[in-house]
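Reader: I have a sequence and a structure to look at, and I would like to learn how to read them. Could you take me through them step by step?

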Amino acid sequence: MVDMQREEWLSTLLSELPDRHLLIDKNGLIIESFGHIPLSTALSDNPTINTLLPPSLAEQLMQHALHALASGELKQFRYSISPCQQLQLSIEELESLSNTEERWFESTLKPLTRTNNAPYILWQEKDITEAYLHEAELKRLSETDELTGILNRRAFLLALENEMKQSQKQNVACLMIDIDHFKEINDRVGHLSGDEVITQVAHICQQSIRSNDYIGRLGGEEFGIVLPNTSAIEAYSTAEAIRTSIESTPCTVDGHTIYPTVSIGLAELNPTVTSVRELLVQADKAMYYSKQTGRN
């Protein structure tokens, strides 16, 4: 009687585990499943992980599982699945997830050996969507300039450093952009309205570059743009497009119509420029030369 009660309690505890747990063999065959399993998951005869995951993700999981078996160590990895990729869900369950674009999971794969010496893997799948989205939002906030929504100085410099490491044999151009006569703009419309001019210039710059380029606010009214796989000649065309677009776009703030202009400096990664600082210094010098020779 005691053993039956113990087995009943163990069964109840296993079924109430918050995460999904599955015991799989080296071929991906699901031997046992317990924990948080959707009610519609009535696994058919000889179910495999392909029953639960899309093929590419099932293949990744098996690679991690086999590596765990070979090394005897725990393996973890994260992945996202859209509701329509969760093959085990019913129509009703899919409809309940209609407001979720994708769910994030963390899988832990632990190698096990039973008394018959057959190797198995305990697969624990934890839904980390809420934590992942919170982490992603904190990261976004830490990298974003609050006023303009583009990269802040720190994030821009880190991105530029990574780009230079990855582009040793490729062209990388950098633009430094500064709003002309910004002190006079602030004196005319006030600092808060001057912020609207900064924001408009940032958005025009962002709209003028490609999806793989990136822009950051380096401070005040100064911006930096990195153009990967771009020669100086190509970067000049981008800079000119930015300059003319800003010059021709009025900014109306508090009853004032302002036509801001910018001065732009350009530098290109080359054998004599070996650091982020040197590239930015060259672009900054070019920008100040632009200011000294008439602005805009």
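This is a predicted model: local features need pLDDT of at least 70, side-chain atom pairs count only at pLDDT 80 or more; totals for chains, interfaces and linings use all residues.

Reader: Which residues of helix α6 are buried?

Author: Within α6, which covers residues 182-189, the buried residues are F182, I185, N186 and V189. They lie on the same side of α6, because they cover an arc of only 95° around the axis. The exposed residues K183 and D187 are carried by the face turned away from that buried side.

Reader: What covers the buried residues of α6?

Author: The cover includes the strands β6 (172-179), β9 (251-253) and β10 (256-258), together with the helix α7 (191-207). Just after α6 comes G190, which takes a positive phi of about 95°.

Reader: Is S290 buried or exposed?

Author: A residue is called buried when its relative accessible area is under 20%. S290 has a relative accessible area of 16%, and therefore counts as buried. Its place is in helix α9, which spans residues 276-292, and, if its neighbours within four places in sequence are left aside, S290 is in contact with S263, I264 and R295.

Conventions:
Residues are numbered from 1 along each chain as its sequence is written. Side-chain values use heavy atoms; hydrogens and water are left out. Buried means under 20% relative accessible area, exposed over 50%, partly exposed in between (1.4 Å probe, protein chains only). Helices (H or I, at least four residues) and strands (E, at least two) are DSSP runs, numbered from the N terminus. The arc is that of the directions from the helix axis to the C-beta atoms. Contact means heavy atoms within 4.5 Å.
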